[in-house]
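Good morning, and thank you for coming.

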Amino acid sequence: MKTSVQGHDLYAYTGGKPFNPAQPTAVFIHGVLNDHSVWILQTRYMAHHGWNVLAIDLPGHCKSDGPPPHSVQQAADTVIALLDALQVEKAALIGHSFGSLIALQATAQDAQAHPGRIGHLVMVGTAYPMRVSPALLEQSISAPFKAIDMVNSFSHSTLAPPPSALGPGTWLYGGSKALMRRVLASNTQANVFNIGFKACDSYNGGEMAMPQVQCPVLFVLGDADQMTPPKAAQSLIALCAKPKVVKLPAGHSLMTEAPEGVLQALKDFLKT
C-alpha cells in the first residue's frame with residue numbers, strides 16, 4: 001500500500017489485509033539498511049488478529065520515494081504525517097534499532113499534538129546514545145560491502161537458528177547481507193547506509209523525549225547483542241514512566257533470530 005506523505009509516496013506492507021479505519025494500527029519501523037520485510041512474521045500475525053499493519057519502508061528506501069531522512073527527527077515527522085494522512089485514531093509504534101529511536105521521538109512529539117493517539121511504544125534492539133564507530137561510518141562510504149559484513153558479524157549470535165523467521169535452518173548472515181545490499185542499491189542518489197548511521201550517531205533527544213512518553217513502553221533486547229547491548233538501553237529504561245523489559249536469547253537481529261520470542265512479547269504487551 002502506498003500513501004502520499006509529505007509530498008511523496010510512502011510504502012507500507014499491510015500483512016495482506018486492507019486498511020480498516022475501525023481497527024487499531026501498528027506501525028513497524030525498520031533500522032539502517034533494512035526494509036519492511038524484517039518484520040514478516042510479526043506483521044502477518046497481527047494483520048490477521050485485529051490490527052492494521054503498516055510496516056513502512058523509510059523514505060528513499062526500496063519502495064518509498066523521497067529523500068532519505070537525515071535525522072531521527074525527520075523520520076519521526078514522516079511517521080506522524082503518515083498517521084495524520086490515514087486519520088489513525090489509535091496506534092502502536094514498533095521500531096528496531098534506528099527505527100526504535102524514530103518510534104520514541106514520534107511518540108513523544110505526538111503526545112503533545114494528539115494525546116492518547118499512540119497507546120503503545122515498542123523499542124527493539126535499542127540503545128541511547130546509539131553511537132556508531134568512526135571507522136564504521138567511514139567504511140559505510142569507502143567500503144560499504146565490507147561494512148555490511150562487519151555489521152552482520154556483530155548483529156547475529158548464531159548462523160542459522162531453528163526455527164528462524166523464514167523457516168528452519170535459514171542462513172541468517174546470507175539473508176541479511178543480501179537484504180542490506182539490495183536496500184543500499186535501491187537508492188542510487190544517496191548513500192542510505194551512511195545517512196542512517198549518522199542519524200543514529202547524532203541523535204541526542206532521548207533524555208528529552210522519553211519523559212514526554214505517557215504510554216506503556218516495551219523494551220525487547222537481545223542478551224547477545226553486540227550492536228546495542230542491553231546495558232546500553234538502561235538510560236532510557238530509567239527515564240521511562242511505564243517500562244517493561246523482555247530479554248531474548250539473540251543478537252541484534254532479533255526479529256529473525258528470535259521471531260517467536262519477539263512476536264510473543266508483542267502479543268502480551270499489546271493486550272495491556
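**Helices, sheet and pockets**

The axes of helix H2 and helix H3, the latter spanning residues 98–113, come within 8 Å and cross at roughly 65 degrees. Before I go further, please note that this is a predicted model. Why do I begin with two such values? Two packed helices are described by the angle between their axes and the distance between the axes. The crossing of H2 past H3 is right-handed.

Let us see which residues meet there. From H2, the contact is made by Val72, Gln73, Ala75, Ala76, Asp77, Val79 and Ile80. H3 contributes Phe98, Leu101, Ile102, Gln105, Ala106, Gln109 and Asp110. Sorted by class, the contact of H2 with H3 has nine nonpolar, three polar and two charged residues.

I turn now to the sheet. In what order do the strands of the open sheet lie? The order is S1-S2-S4-S3-S5-S6-S7-S8, which makes eight strands with mixed pairing. Strand S1 (2–5) and strand S8 (243–248) stand at the edges, and each has a single partner strand, so one side of each is left without a neighbour in the sheet. From one strand to the next, the twist averages 25 degrees.

S1 and S2 run antiparallel and are joined by four bridges. Valine 5 has histidine 8 in S2 as its bridge partner. The hairpin of S1 and S2 has two residues between the strands, and in this hairpin glutamine 6 takes a positive phi near 55 degrees. On to the next pair: S2 and strand S4 (residues 52–56) are also antiparallel, with two bridges between them. Here alanine 12 has isoleucine 56 in S4 as its bridge partner.

A parallel pair is found elsewhere in the sheet. Strand S6 (residues 118–124) and strand S7 (residues 217–222) run parallel, and four bridges join them. Opposite valine 124 stands valine 220 in S7. Helix H11 (residues 259–270) packs on the sheet and touches strand S3 (25–29), strand S5 (91–96), S6, S7 and S8. The direction of H11 makes about 165 degrees with that of S7.

Rolling a probe the size of a water molecule over the atoms shows where empty space is left. How much space lies in the largest pocket? The value is about 650 Å³. This largest pocket is lined by 39 residues, and those nearest its centre are Asn34, Ser155, Ser176, Met180 and Ser253. Helix H5 (144–155), helix H6 (172–185), helix H7 (192–202) and helix H10 (254–257) are the elements that give two or more residues to this lining. H6 gives the most, with five residues. By class, the lining of the largest pocket has 21 nonpolar, 17 polar and one charged residues.

The second largest pocket has a volume of about 150 Å³. It is lined by 13 residues, of which Gln6, His8, Pro59, Pro67 and Thr78 are the closest to its centre. Which elements each supply at least two residues of this lining? They are strand S2 (8–13) and helix H2 (72–85). S2 gives the most to the lining of this second pocket, with three residues. Its classes are six nonpolar, five polar and two charged residues.

Two residues return from the account of the hairpin: Gln6, which takes the positive phi there, and His8, the bridge partner of valine 5. Both are among the residues closest to the centre of the second largest pocket. Thank you for your attention.

Key. Residues are numbered from 1 along each chain as its sequence is written. This is a predicted model: local features need pLDDT of at least 70, side-chain atom pairs count only at pLDDT 80 or more; totals for chains, interfaces and linings use all residues. Side-chain values use heavy atoms; hydrogens and water are left out. On a 1 Å grid over the protein atoms alone, a cavity is a set of points where a 1.4 Å probe fits but cannot get out, and a pocket is an open set with protein on both sides within 12 Å along at least five of seven lines; lining residues have an atom within 4 Å of a point. Grid points are joined across faces, edges and corners, and a volume is the space filled by probe spheres set on the points. Ala, Val, Leu, Ile, Met, Phe, Trp, Tyr, Cys and Pro count as nonpolar, Asp, Glu, Lys and Arg as charged, and the others, Gly among them, as polar. Axes are lines fitted to C-alpha atoms, for helices over the stretch in contact, and angles run from 0 to 180 degrees between N-to-C directions. A crossing is left-handed if the near helix is turned anticlockwise from the far one by less than a right angle, and right-handed if clockwise. Contact means heavy atoms within 4.5 Å. Two strands pair if DSSP finds at least two bridges between them.
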